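I opened the file to look up a few things and wrote down what came back. The entries follow in the order I made them.

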Amino acid sequence: MPAGAQPVNFDAALQELRAAMRVRGVEPFAALDLVPDGRLRRFRVVGDKPGSRNGWLVLHDAPLAAVFGSWKFGSTHTWSPRRATPCSPAEYAAMRERLRAAQAARERASERDQADAAERARVLLGRSALALAAHPYLLKKGIKPHGARMLRGDLVLPLRDTAGKLWSLQLISPDGEKRFLAGGRTRGCYFPIGGAPVDTLLIAEGFATGATLHEATGWPVAVAFNANNLEPVACALREKFPSVRAVVCADDDAATPGNPGLTRATAAARAVGGRVVYPNFGGVRHG
């Protein structure tokens, strides 16, 4: 331990770290090898699908500190253990430098993953064909394809930014299982339904919801794919279409603590000076 470093109970500190990761929604699905060696570790987050590695962590020693987050949601968090006495100025400086280095390493890894996923998306999209209206998922939802593609039985939805650059794909199986390309960028990317907006643009989470909204209203829809992406997509489209009316269409996640669908949709609408709407179940909500 360097001169002046404040001792900490390592086991207790790691319990603190695990608790902090859990509170911030980045809890590892399986036991994680928490070694303070400055290496970038990737892992599956509780609640994510098997095979995914959206969580990441870098843990440093002397002084003990960590940076962790989720590639899925674009989140980054810093952590250091509680101490009986404050860190010295030298320790604070070392901690800040190491956290900056960890953040830079995380960003480089993310950029490599996104570039690889974008290339895979290009190849797979080139092999796909226009989806048929008879696809089981479309029939189940009672919607039309709206430009969706199809590959090996799965629906294929391209994720593009407002400049039209392809970043990733969402694949939807006939029975409705959804997955993204590993490492692909989702933040700020969307799937358009109904062409460019003239006066009104709807922003929704899922493809089936977006297709239903378009078929009911005739207005164009941007599919943001998840609640956490509503605000990034809304802000990007506000910049591209500054004069249109933005309406964020929320999923009412009443059975989920904090109702993330409605909460995130409300934040997105506020960020762009738009409106938020949500389903009216006549006082009866279904989980």
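**Entry 1: S70**

I began with S70, which touches V26, N54, W56 and S75 once residues up to four places away in sequence are set aside. The model is a predicted one, so I read every value as computed from predicted coordinates. I placed S70 in strand β3, residues 65-70. Is S70 buried or exposed? I found a relative accessibility of 5%, and the cut-off for buried is under 20%, so S70 counts as buried.

**Entry 2: the open sheet**

I then looked up a sheet. I noted 5 strands in an open sheet, ordered β5-β6-β7-β8-β9, with antiparallel pairing. At the edges I have β5 (129-130) and β9 (178-180), each of which pairs on one side only. Helix α2, residues 89-127, packs on this sheet and touches β5, β6 (149-151), β7 and β8. I read an angle of about 60° between the direction of α2 and that of β8. Between β8 and β9 I found 3 bridges, in the antiparallel sense. Which residue of β9 is the bridge partner of L171? I have R179.

**Entry 3: nonpolar cores**

Next I looked up the cores. I found 23 residues in the largest nonpolar core, and L155, L157, F191, I193 and F207 have the most contacts inside it. I listed the elements that each supply at least two residues of this core: α3 (136-141), β7 (154-160), β8 (166-172), β10 (191-193), β11 (200-204), α4 (207-217), β12 (221-223) and β13 (245-249). Another core of 19 residues lies apart from it, and I noted Y190, A222, A246 and V272 among its members.

Leaving out neighbours within four places in sequence, I193 is in contact with H146, F207, G210, A211, H214, P220, V221 and V223.

**Entry 4: whole protein**

Last, I took the overall values. I counted 6 helices and 14 strands in the protein. The C-alpha atoms fill a box of roughly 70 × 45 × 35 Å along the principal axes. Of the 287 residues, 44% count as buried. For contacts between residues at least 6 apart in sequence, I have 52% joining residues at least 24 apart.

Definitions and conventions. Residues are numbered from 1 along each chain as its sequence is written. This is a predicted model: local features need pLDDT of at least 70, side-chain atom pairs count only at pLDDT 80 or more; totals for chains, interfaces and linings use all residues. Side-chain values use heavy atoms; hydrogens and water are left out. A nonpolar core is a set of buried Ala, Val, Leu, Ile, Met, Phe, Trp, Tyr and Cys residues joined through side-chain atoms within 4.5 Å. Buried means under 20% relative accessible area, exposed over 50%, partly exposed in between (1.4 Å probe, protein chains only). Helices (H or I, at least four residues) and strands (E, at least two) are DSSP runs, numbered from the N terminus. Contact means heavy atoms within 4.5 Å. Two strands pair if DSSP finds at least two bridges between them. Axes are lines fitted to C-alpha atoms, for helices over the stretch in contact, and angles run from 0 to 180 degrees between N-to-C directions.
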